[in-house]
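Visitor: I would like to go through this model with you and ask, at each step, what a given label rests on. Please set the values against the cut-offs as we go.

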Amino acid sequence: MEQQNQQDLNDLIKRRYEELEELRNKNFEPFAYSFDVNNNSAEIKNNFDKYESKDVSVAGRLMALRRMGKASFATIQDNNGRIQIYLRKDEIGESYDAFKLMDIGDIIGVEGFVFKTRTGETSVHAKSLTLLSKTLRPLPVAKEVVDENGNKIVYDQFVDKELRYRQRYLDLVVNPEVKDVFIKRSKIVKQLRDFLDDNGMLEVETPVLQALYGGAAARPFVTHHNTLDMQLYLRIADELYLKRLIVGGFEGVYEIAKDFRNEGIDKTHNPEFTMLELYVAYKDYNWMMDFVEKMVQNVCEKVFGKVEFEIEGKNVSFASPWKRISMVDELKNKTGLDILAATTDDLKQELKKLGIDIKGNVSKGKLIDELFEETIQSELIQPTFVVDYPLEISPLAKKHREKEGIVERFEGFVLGREICNAFSELIDPIDQRERFEAQTKAREGGDEEAHQIDEDFIKALEYGMPPTAGLGIGVDRLVMLLTNQPSIRDVILFPHMRPEK
């Protein structure tokens, strides 16, 4: 069956190449240089009274054809939707001969006037037709058939997820609703930027290629600079450079940029992803919690006109204030374990009760993270800030001003997914060096994601950094939630894929 399908495809491609040759033999240019487009499908259809009998110029991809001798109907799809075209041989002359050699997928330009058919469909009556691009491969366009019982049966849908990710250009053509997700993504990013700008923050750019990577717990991608003969890393975070700018006197800086982490791929992780990082002088993590609530609520209202969403069958409200809970207290209530006093053996034993048997030299911080993920995280449906993180898993956060063993850090969760991470930033260079050294020991013990010591960053802190609140938001994850998409690949135009066999 697969061989037959491939043969059918080859036959269709061969026929299109033959049509291409015939078009050229008849002096029709199959790949145009330009076309003046003055109107789009949506504006015409939504404003028929304004456009009735008026001349328009539209262009788009042929998505349906009904040839009927000397008159035909076609449907084209542009950036805004679809509109029907009516063509008569005695009106468009030789171009009708070219039309006979056109296929679904070809891109055409039409000049004509607007009218309504007898069935009431707004259409463009063509006065001229121009072939703009001949498609040489058939589109996987769905076909609908109504059976004898009146049931609609759809064939040849382009539904294979992996193929849709690999060939996003086709996905956007034949599943136009996908385009709306990426339009919404663009608007979300713009509104984040507008909100930050309106609140006095400055957008900056920091290095993608770094001699030392830092700012997160992750494995980096490694590359090599030939001229300098040195190993470099793609950044895993923007943090340490943005904080250098706070040292330099900027009081509010942010970057919306690509970060790269050499780690697994799943529904919420892609090796290349978009982060918003923000650092504000003279503020702390309490201020930042309030700011995040306002920023996300602003995005919801400006882009979607609402703060309540149905996501994966659950009603979620992004209205402030968000719930705030303590990691230490929640884990004690759930497991009876004081994670600050617990040993690694205590934590391993607690995880074993949950069916997770962890062996070997694993840091206390990673065990706490695992325990939180297994017992608490999935229950955080409404937007929630989790505070009171143990010192062991927060090497860049300031120690809590009142509580021993924890830091001033929060993470935001929605539907059990982390969407942001923030600190009262560590500004004491002596403390920072001790934390980096502890990370070095963890690294020597086998933790590949532990921080390196960044001597220049410590030097910057020695020159003095004001109290600072820092934030990182996973833009892809926020878009996933607000557009109700189940996978990070659904909100990245070209997600990373395994090589095709």
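This is a predicted model: local features need pLDDT of at least 70, side-chain atom pairs count only at pLDDT 80 or more; totals for chains, interfaces and linings use all residues.

Visitor: What makes S18 and S19 a pair?

Guide: Two strands pair if at least two bridges are found between them; S18 (residues 406-414) and S19 are joined by six bridges, in the antiparallel sense. S19 also pairs with S20, again in the antiparallel sense, over five bridges, and Asn 421 has Gly 472 of S20 as its bridge partner.

Visitor: Why is S19 described as largely enclosed by the rest of the structure?

Guide: A residue counts as buried when its relative accessible area is under 20%. Six of the eight residues of S19 (residues 417-424) are buried, and therefore the strand is largely enclosed by the rest of the structure.

Visitor: Which order do the strands of the open sheet follow, and why do S8 and S16 count as its edges?

Guide: The sheet has eight strands in the order S8-S12-S13-S20-S19-S18-S17-S16, with mixed pairing. Strand S8 (202-203) and strand S16 (323-326) each have a single partner strand, so one side of each is left without a neighbour in the sheet. Strand S13 (residues 272-281) runs antiparallel to strand S20 (residues 468-474), and seven bridges join them; Leu 278 has Leu 471 in S20 as its bridge partner.

Visitor: Why are Trp 287 and Phe 291 called a stacked pair?

Guide: Ring centres must lie within 6.5 Å for a pair, and planes under 30 degrees apart count as stacked. By this rule the count comes to 13 aromatic pairs. The rings of Trp 287 and Phe 291 have centres 4.9 Å apart and planes at 20°, so the pair is stacked. Both residues lie in helix H10 (residues 285-304), four residues apart, about one turn of the helix.

Visitor: How do you know whether Trp 287 and Phe 291 are buried or partly exposed?

Guide: The cut-off for buried is under 20%, and partly exposed lies between that and 50%. Phe 291 has a relative accessible area of 5% and is therefore buried, whereas Trp 287, at 24%, counts as partly exposed.

Visitor: What makes the pair of Phe 309 and Phe 318 edge-to-face?

Guide: Planes over 60 degrees apart count as edge-to-face, and the planes of Phe 309 and Phe 318 stand at 85°, with 5.7 Å centre to centre.

Visitor: Why are the buried residues of helix H15 said to line one face of the helix?

Guide: The buried residues of H15 (residues 455-462) are Phe 457, Ile 458, Ala 460 and Leu 461. Seen down the helix axis, they fall within an arc of 155°, so they line one face of H15. Among the elements that cover them are helix H9 (239-247) and helix H14 (429-444).

Visitor: Why is Gln 485 called buried?

Guide: Gln 485 has a relative accessible area of 18%, and as the cut-off is under 20%, the residue counts as buried. Gln 485 lies in the segment after helix H16 (475-482).

How values were computed. Residues are numbered from 1 along each chain as its sequence is written. Side-chain values use heavy atoms; hydrogens and water are left out. Rings of Phe, Tyr and Trp (its six-membered ring) pair if their centres lie within 6.5 Å; planes under 30 degrees apart count as stacked, over 60 as edge-to-face and the rest as tilted. Helices (H or I, at least four residues) and strands (E, at least two) are DSSP runs, numbered from the N terminus. Buried means under 20% relative accessible area, exposed over 50%, partly exposed in between (1.4 Å probe, protein chains only). The arc is that of the directions from the helix axis to the C-beta atoms. Contact means heavy atoms within 4.5 Å.
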